[in-house]
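Open your viewer and get ready to click along. Each stop tells you what to select and what you will find there.

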Amino acid sequence: PEPRGSFSNLVPRPIDFTALPADQLGVRVAAVGINFRDVLNVLGMYPGDPGAPGSDVAGVVVSSSSDSSLQPGTAVFGLTVGALGTAVSCSANTVVAMPPCLSFEAASSMPTVFITAQMALGAVTAVSGSERVLVHAAAGGVGLAALQVLQHLGAVAVCSAGSPSKRSLLRSLSVSAVVGSRDSMFVGPLAAAGGVDVVLNSLTSPGMVAGSLSVLRRGGRFVEIGKRDIWAPAAVAGERPDVSYSLLAVDFLPDIVVQSALQHVA
């Protein structure tokens with residue numbers, strides 16, 4: 001976008017693959033997964049400089065070094081910067097070979113949401129079977145990915161969603177505990193049901209974080225994946241000093257961590 005602030009300010013720019021560094025790939029873009037981060041990026045509302053829009057990508061390698069495991073013609077998916085176009089250059093460490101069972105469209109929808117869900121429920125909180133996990137905005141991309149991860153782990157998903165149709169979708173996916181996410185009225189039912197062990201949060205409306213903290217069992221874990229109006233660790237500690245609080249953003253993960261997570265997703 002030139003300048004940021006409006007979708008009408010998106011302009012095409014040429015890309016040259018003739019002098020790529022050895023650790024870079026040239027990829028012909030087949031599909032792009034659009035995230036909330038891209039919307040904030042184009043509108044100029046994302047904190048810091050996120051680079052050009054378009055991060056979740058699937059496509060075909062057209063240029064690589066001779067010793068790369070990803071040679072021209074290889075279908076790949078992963079994370080990059082500036083994929084909102086017909087071609088992109090990216091680090092060889094942030095894309096992996098695409099499973100043949102996936103379409104380009106499906107593959108492009110997976111990197112951010114599944115890495116986030118996998119990291120939040122695995123490396124960050126180490127969710128185990130039978131634990132109860134509150135997934136806010138569970139009908140969204142990360143939420144639906146989190147449901148699949150929780151099912152794999154054998155944990156119990158407790159979900160929130162904003163509209164009746166979204167809550168109906170979650171019930172159709174065999175989620176028995178579904179509450180609203182438009183206000184903090186979810187606190188009473190969840191507290192009465194014994195609370196939860198982990199919260200995966202992306203909500204910023206007044207009262208939502210405090211309400212979510214209140215339903216955590218003693219020694220619980222809270223993972224924040226939101227991009228705006230997030231609580232500082234000191235504020236969380238002032239409310240619930242027994243809670244482990246973590247901030248998670250896929251776009252700040254080291255390339256080697258991204259690659260390992262993508263290989264697991266693949």
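Start with Ser174, which counts as exposed because its relative accessibility is 68%, above the 50% cut-off. This is a predicted model, so treat each stop as a feature of a prediction. To place Ser174, show the loop between α5 (164-172) and β8 (177-180). Now check its backbone: Ser174 is not a glycine, yet its phi is positive, about 75°. Most residues other than glycine have a negative phi.

Next, select Ala126, in the loop between α3 and β6. Here too phi is positive in a residue other than glycine, near 50°.

Now go to the segment before β1 (24-33), where you will find Pro3. The peptide bond leading from Glu2 into Pro3 is cis, and its omega is near -5°.

Time to look inside. Which residues touch the most other members of the largest nonpolar core? Select Phe77, Ile115, Val135, Leu150, Cys159, Leu170 and Leu200, out of 42 residues in that core. Then color the elements that give two or more residues to this core, including β3 (75-79), α3 (111-124), α4 (141-153) and α9 (255-265). The largest share, seven residues, comes from α3.

Zoom in on Cys159 and show its contacts. Leaving aside residues up to four places away in sequence, Cys159 touches Val135, Ala138, Leu147, Leu170, Val175, Ala177, Val178 and Val179.

For the last stop, select Leu134, Val158, Val209 and Leu213: they are among the 17 residues of a second, separate core. In soluble globular proteins, nonpolar side chains tend to be buried together.

Methods
Residues numbered from 1 in each chain as written. Predicted model: local features only at pLDDT ≥ 70, side-chain atom pairs only at ≥ 80, totals over all residues. Heavy atoms only, no water. Core = buried A, V, L, I, M, F, W, Y, C linked by side-chain atoms within 4.5 Å. Buried < 20%, exposed > 50% of the residue type's maximum accessible area, 1.4 Å probe, protein only. Helix = DSSP H or I, 4+ residues; strand = E, 2+ residues; numbered from the N terminus. Contact = heavy atoms within 4.5 Å.
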